[in-house]
Amino acid sequence: MGAALAFSLSGMAEARGWDEGMRERLSRAFGAKFEKAEELVASSAVKKYTFEPSGRVMWIVVGREQDYTVLPGIYCQCDDFYINVVVKRKTSACYHLLAQLIAERKDMFEKFSVPDSDFIRLNSEWKKQSV
Ligand SMILES: [Zn+2]
């Protein structure tokens with residue numbers, strides 16, 4: 001897991017575009033987790049909500065049991081992130097974070113525009129699922 005821990009997703013989150021070299025680096029660092037992330041992207045599990053007119057953005061990754069809010073390169077709501085990234089420091093990302101990264105780089109995500117007035121309602125729906 002050393003390679004995955006050393007891998008800085010936050011640096012990558014700022015760049016754009018996708019190439020084979022990056023695919024290789026991620027695949028080497030994250031192995032099966034990366035493959036799972038690619039499957040999520042292929043199944044359109046990554047969604048970007050843009051709130052208008054504030055321009056606030058929320059990324060949602062649809063997981064097997066629930067949806068997760070993801071802060072690109074930084075944070076995911078799931079147990080894997082909490083246990084293996086935050087507590088055990090075994091790795092630097094869960095596969096939802098990887099999926100968001102791949103999806104944004106490849107421009108393979110669903111886009112939604114929603115009014116700011118829906119922010120609190122949607123946000124509490126997403127939060128509720130993690131309990
Ligand atoms: Zn996650």
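Arginine 89 has 10 C-beta neighbours inside 10 Å, so arginine 89 is exposed. The model discussed here is predicted.

**Overall makeup**

The protein chain contains seven helices and five strands. Their order along the sequence is α-α-α-α-β-β-β-β-α-α-β-α. The chain has 131 residues, of which 31% count as buried. Among contacts with a separation of 6 or more, 66% come from residues 24 or more positions apart.

**The sheet**

The five strands form an open sheet with mixed pairing, and the order across the sheet is β4-β3-β2-β1-β5. Each of the edge strands, β4 (75-76) and β5 (110-115), has a single partner strand, so one side of each has no neighbour in the sheet.

Strand β1 covers residues 46-52 and strand β2 covers residues 57-62. These two strands pair in the antiparallel sense, with five bridges between them. Tyrosine 49 stands opposite methionine 58, a residue of β2.

The pairing of β1 with β5 is parallel and runs over six bridges. Here lysine 48 stands opposite lysine 111, a residue of β5. How many of the six residues of β5 are buried? The number is zero, so β5 lies largely in the open.

**Loops and backbone geometry**

Proline 53, in the loop between β1 and β2, is joined to glutamate 52 by a cis peptide bond with omega of about 5°. Serine 44 sits in the loop between α4 (32-42) and β1. Phi of serine 44 is positive, and serine 44 is a residue other than glycine. Arginine 89 is placed in the loop between α5 (79-87) and α6 (95-106). Arginine 89 likewise has a positive phi although it is not a glycine.

| Residue or bond | Backbone angle |
|---|---|
| Glutamate 52 and proline 53 | omega about 5° |
| Serine 44 | phi near 55° |

Is serine 44 buried or exposed? Serine 44 has 12 C-beta neighbours inside 10 Å and therefore counts as exposed. Arginine 89, with 10 such neighbours, is also exposed.

**Packing of α4 and α6**

The crossing of the two helices is right-handed.

On the α4 side, the contact is made by Lys33, Phe34, Lys36, Ala37, Glu38, Leu40 and Val41. On the α6 side, Tyr95, Leu98, Ala99, Ile102, Ala103 and Lys106 take part. Which classes of residue make up this contact of α4 with α6? The contact has nine nonpolar and four charged residues, and no polar ones. Lys33, Lys36 and Glu38 of α4 and Lys106 of α6 are charged.

Definitions and conventions:
Residues are numbered from 1 along each chain as its sequence is written. This is a predicted model: local features need pLDDT of at least 70, side-chain atom pairs count only at pLDDT 80 or more; totals for chains, interfaces and linings use all residues. Two strands pair if DSSP finds at least two bridges between them. Helices (H or I, at least four residues) and strands (E, at least two) are DSSP runs, numbered from the N terminus. A residue is buried if 20 or more other C-beta atoms lie within 10 Å of its own, exposed if 12 or fewer, and partly exposed in between; C-beta atoms are placed from the backbone. Two residues are in contact if their C-beta atoms, placed from the backbone, lie within 7 Å. A crossing is left-handed if the near helix is turned anticlockwise from the far one by less than a right angle, and right-handed if clockwise.
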